[in-house]
Amino acid sequence: QYRVKAFNADGDSAYSNTAAASTFDFISPPTSLTAQVALVTQSPLTTEITLNWADQSSNETGYRVEMMTATGGAFTSVATLAANVTTFKYQAGGTNVQFRFRVVAYNSQVSSTPSNEIFLVVGDPFTIRNFVNTVWTGGTIPEIAAIFNDSATADKMLSMTIGIVPA
């Protein structure tokens with residue numbers, strides 16, 4: 001509780017009325033949100049999305065994973081997790097579905113600002129047949145080109161994850 005009293009060379013005033021105030025904890029938002037996508041089943045199509053983030057808070061009681069399935073829609077909570085958890089798996093069905101994820105830390109008093117957002121499109125997987133070769137293309141930035149004969153009947157996007165392991 002607080003009250004105010006003014007003073008000057010002529011003396012002090014009476015105290016003001018009493019006011020109450022409370023403070024809230026600040027929670028650092030999670031950072032470095034990343035996603036990995038893996039095919040679980042082909043028929044029906046099920047994809048597992050694994051989210052990972054960095055825990056930057058020491059006073060959260062949990063995390064809320066929020067998802068939006070359409071551009072311009074609203075985020076909704078898809079999971080509530082315990083404190084210090086830094087991973088979440090979500091299974092998605094269907095093809096050409098857009099997902100946007102973010103994570104919020106919270107406690108009994110306040111929620112953090114959201115983490116960075118991850119945008120994913122779960123597409124229609126196809127099989128690459130007749131894989132020919134990989135070629136080191138040289139240059140100052142490591143780049144690897146995959147050469148293959150595409151047997152798909154419609155134009156598709158190829159997504160590859162390539163890890164370079166130090167010798």
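Tutor: Asp12 and Lys5 join their side chains in a salt bridge, at 3.5 Å from N to O. The term means a side-chain nitrogen of Lys or Arg within 4 Å of a carboxyl oxygen of Asp or Glu. The model is predicted, so local features need pLDDT of at least 70 and side-chain atom pairs count only at pLDDT 80 or more, while totals for chains, interfaces and linings use all residues. Residues are numbered from 1 along each chain as its sequence is written, and side-chain values use heavy atoms, with hydrogens and water left out.

Asp12 counts as exposed because its relative accessibility is 53%, whereas Lys5, at 36%, counts as partly exposed. The cut-offs are under 20% relative accessible area for buried and over 50% for exposed, with partly exposed in between (1.4 Å probe, protein chains only). By the salt-bridge rule the count comes to 5.

Another of these bridges links the side chains of Glu48 and Lys89, at 3.9 Å from N to O. Glu48 belongs to strand 4 and Lys89 to strand 7, so this pair ties together parts that are 41 residues apart in sequence. Strands (E, at least two residues) and helices (H or I, at least four) are DSSP runs numbered from the N terminus. At 52% relative accessibility, Lys89 counts as exposed. Strands 4 and 7 run antiparallel and are joined by 7 bridges; two strands pair if DSSP finds at least two bridges between them. Within this pairing, Ile49 stands opposite Tyr90 in strand 7. The order 3-4-7 describes an open sheet of 3 strands with antiparallel pairing. Its edge strands are strand 3 (31-41) and strand 7 (87-93), each of which pairs on one side only. From one strand to the next, the twist averages 20°, taken between N-to-C directions of axes that are lines fitted to C-alpha atoms, on a scale from 0 to 180 degrees.

The side chains of Arg100 and Glu117 also meet in a salt bridge, at 3.5 Å from N to O. Arg100 lies in strand 8 and Glu117 in the loop between strand 8 and strand 9, so the pair ties together parts that are 17 residues apart in sequence. Arg100, at 23% relative accessibility, counts as partly exposed, and so does Glu117, at 39%.

Strand 5 pairs antiparallel with strand 6 (residues 76-82) over 6 bridges, and Met67 stands opposite Thr76 in strand 6. Strand 5 also pairs antiparallel with strand 8 (residues 97-106), over 7 bridges, while strand 8 is joined to the antiparallel strand 9 by 5 bridges. Because 6 of the 7 residues of strand 5 are buried, that strand is largely enclosed by the rest of the structure.

Thr61 sits in the loop between strand 4 (46-54) and strand 5 (62-68). Beyond its neighbours within four places in sequence, Thr61 is in contact with Leu81, Ala82, Ala83, Tyr106, Asn107 and Ser108, contact meaning heavy atoms within 4.5 Å. Asn107 is in the loop between strand 8 and strand 9 (118-122), and it counts as buried because its relative accessibility is 10%. The Asn107 side chain reaches the backbone oxygen of Asn59 at 3.4 Å and the backbone nitrogen of Gln109 at 2.8 Å.

As for the chain overall, its secondary structure comes to 0 helices and 11 strands. Of its 167 residues, 22% are buried. Among contacts between residues at least 6 apart in sequence, 49% join residues at least 24 apart.

How values were computed: A polar contact is a pair of N or O atoms within 3.5 Å; within protein, one must be able to donate a hydrogen and the other to accept it, and residues adjacent in sequence count only if both atoms are side-chain atoms.
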